Amino acid sequence: MLVVRVVPVGRARLVGAAVRRRLVPALTGSAPTASILTTPARCNSQLAADAHRRRHKNVITGPDAVALRLHRGHLVVQHPRWPVDDAFFSLAWLRDHCRCRHCYDNSTFQRKTDVRQLSSVGNPLHFNVNSTGTVLEIIWHDGHQSEYSMRWLWENSYVGARHREQRQSRLWQRCLWDGRRTSAEDLTSVVYDSFMTTEEGVRRLMKGFLTHGAAVVTGVAPTPAATQAVVERVGVVQHTMFGGVWEFTADGRHADTAYGRDELLPHTDGTYYSEPPGVQVFHCLAHHGHGGETTLVDGFAALNSLHQADPAAYELLSRVPCAGEYRDPSRRLHMVGDGPVIAHRAGAEPTPDSLLRLRFNPYDRAAARRGEPAEVEAFYGAYGRLTELLWDARRRLRLKLRPGTVILIDNWRVLHGRASFTGRRHMCGAYMARSDVLSRARSVGLLI
Ligand SMILES: C[N+](C)(C)CCCC[C@H](N)C(=O)O
Ligand SMILES: O=C(O)CCC(=O)C(=O)O
Ligand SMILES: [Fe+2]
């Protein structure tokens with residue numbers, strides 16, 4: 001026998017029912033990085049302490065009961081399968097998340113409501129859980145009716161955020177590396193056929209990419225078309241002034257050292273864009289000569305070291321602008337991209353736990369026209385310290401790209417470089433926008 005109890009509070013007219021009920025399936029959840037959730041979650045814990053005291057007065061709890069009550073603009077849910085004592089749902093949040101056809105278009109997955117109306121959400125006239133404990137029903141003060149699946153509430157609200165994070169961390173976790181303990185063979189490598197024909201192949205590649213910031217597809221035909229097929233399996237080709245799927249040799253075709261044969265120390269590309277490309281793809285189609293090995297450096301691992309060794313330098317590089325620049329007067333190009341060297345997720349503390357992006361290309365660094373005069377010297381000190389870490393050869397992975405091997409590099413985290421070379425070296429590749437790649441990772445269940 002399972003009991004759904006509703007505890008009356010204030011003016012609300014409530015319905016209680018003693019009913020038979022199937023067990024609500026075990027619920028787990030997890031959340032990505034939702035800055036918007038920070039405030040309500042904090043507020044939730046304050047309210048929780050308050051309500052904990054009241055609960056023992058007002059509610060007779062049983063192991064199988066779903067209990068509801070109102071408390072200061074919140075609907076408080078006690079759910080036997082939820083690993084929280086009291087789940088505080090803001091009434092404004094609930095009304096905002098009504099999924100009825102007037103509020104939400106379930107075929108386009110778009111909202112139809114006006115958020116300005118949420119400031120006047122009053123106590124509901126009525127609220128109830130259905131007999132199986134799976135659906136919450138609310139009749140609002142203006143007569144509007146909403147129904148919520150309990151599972152949906154757990155999986156989509158700030159209430160289950162911490163548990164969603166835990167579930168997320170079981171799917172994959174960022175693994176920081178350096179060249180002392182990691183080699184190129186440790187990067188995830190997926191064979192072209194399984195990558196192109198199975199979702200499991202895509203999932204394996206994406207998991208490796210998210211974990212290490214780089215992953216490899218082997219057995220690819222050494223052509224731009226096959227390289228494009230790899231790109232389009234996990235994202236979209238991002239067009240830039242270098243083209244869509246670009247090819248390059250040491251022919252100086254663009255005003256950039258990439259089109260030469262000198263050594264390039266590790267850097268991220270596109271520091272001159274307002275948003276640098278999220279992913280860099282390389283495929284060496286042919287090389288007849290010596291040298292030209294690719295180097296990779298885990299920028300986030302180096303930032304962790306910087307944060308430990310010199311927190312002031314880390315803080316400065318997270319705050320002050322450092323512009324990148326790309327100029328080619330023959331094409332009337334003058335790109336300038338501004339932004340700090342270190343960027344964090346919106347709304348999060350600026351520490352290595354919430355790293356979003358490293359922007360680092362000393363070759364493309366523009367004239368420094370902004371910044372506090374008093375901080376100029378400190379900036380050079382901090383940028384120099386970071387450069388020492390990032391260009392420490394012990395951090396590098398080295399690999400010789402060969403025809404057939406396509407590498408995807410997280411250009412917001414992992415730096416790439418190349419050794420100088422002789423002979424004819426024919427490369428191709430593409431940039432991809434981060435949003436497209438993360439969308440694909442979500443489609444194979446790696447981001448929730
Ligand atoms: C297109 N391709 C990758 C070959 C060259 C890109 C130019 C590299 C430039 N210095 C940067 O760091 O963005
Ligand atoms: O030649 C290479 O392997 C890479 C050069 C480079 O840094 C680039 O194209 O972005
Ligand atoms: Fe580059």
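The lining of the second largest cavity has, by class, 3 nonpolar, 3 polar and 2 charged residues, and it is made up of Thr271, Cys322, Ala323, Gly324, Arg359, Asn361, Arg365 and Tyr383. A cavity here is a set of points, on a 1 Å grid over the protein atoms alone, where a 1.4 Å probe fits but cannot get out, and lining residues have an atom within 4 Å of a point. This is a predicted model, in which local features need pLDDT of at least 70 and side-chain atom pairs count only at pLDDT 80 or more, while totals for linings use all residues. Residues are numbered from 1 along each chain, ligands are numbered from 1 in the order in which they are written, and side-chain values use heavy atoms, with hydrogens and water left out.

About 50 Å³ of space lies in the second largest cavity, and about 360 Å³ in the largest cavity. Of the 25 residues that line the largest cavity, the closest to its centre are Ala258, His267, Asp269, Phe282 and His416.

Ligand 2 sits in the largest cavity, a term that requires more than half of its atoms to lie within 2 Å of the grid points.

| Residue | Distance to an oxygen atom of ligand 2 |
|---|---|
| His267 | 3.1 Å |
| Asp269 | 2.8 Å |
| Arg418 | 2.8 Å |

Taken alone, ligand 2 exposes 290 Å², of which the protein buries 94%, with accessible areas taken from the Shrake-Rupley method with a 1.4 Å probe.

Note on methods
A polar contact is a pair of N or O atoms within 3.5 Å; within protein, one must be able to donate a hydrogen and the other to accept it, and residues adjacent in sequence count only if both atoms are side-chain atoms. On a 1 Å grid over the protein atoms alone, a cavity is a set of points where a 1.4 Å probe fits but cannot get out, and a pocket is an open set with protein on both sides within 12 Å along at least five of seven lines; lining residues have an atom within 4 Å of a point. Grid points are joined across faces, edges and corners, and a volume is the space filled by probe spheres set on the points. Ala, Val, Leu, Ile, Met, Phe, Trp, Tyr, Cys and Pro count as nonpolar, Asp, Glu, Lys and Arg as charged, and the others, Gly among them, as polar.
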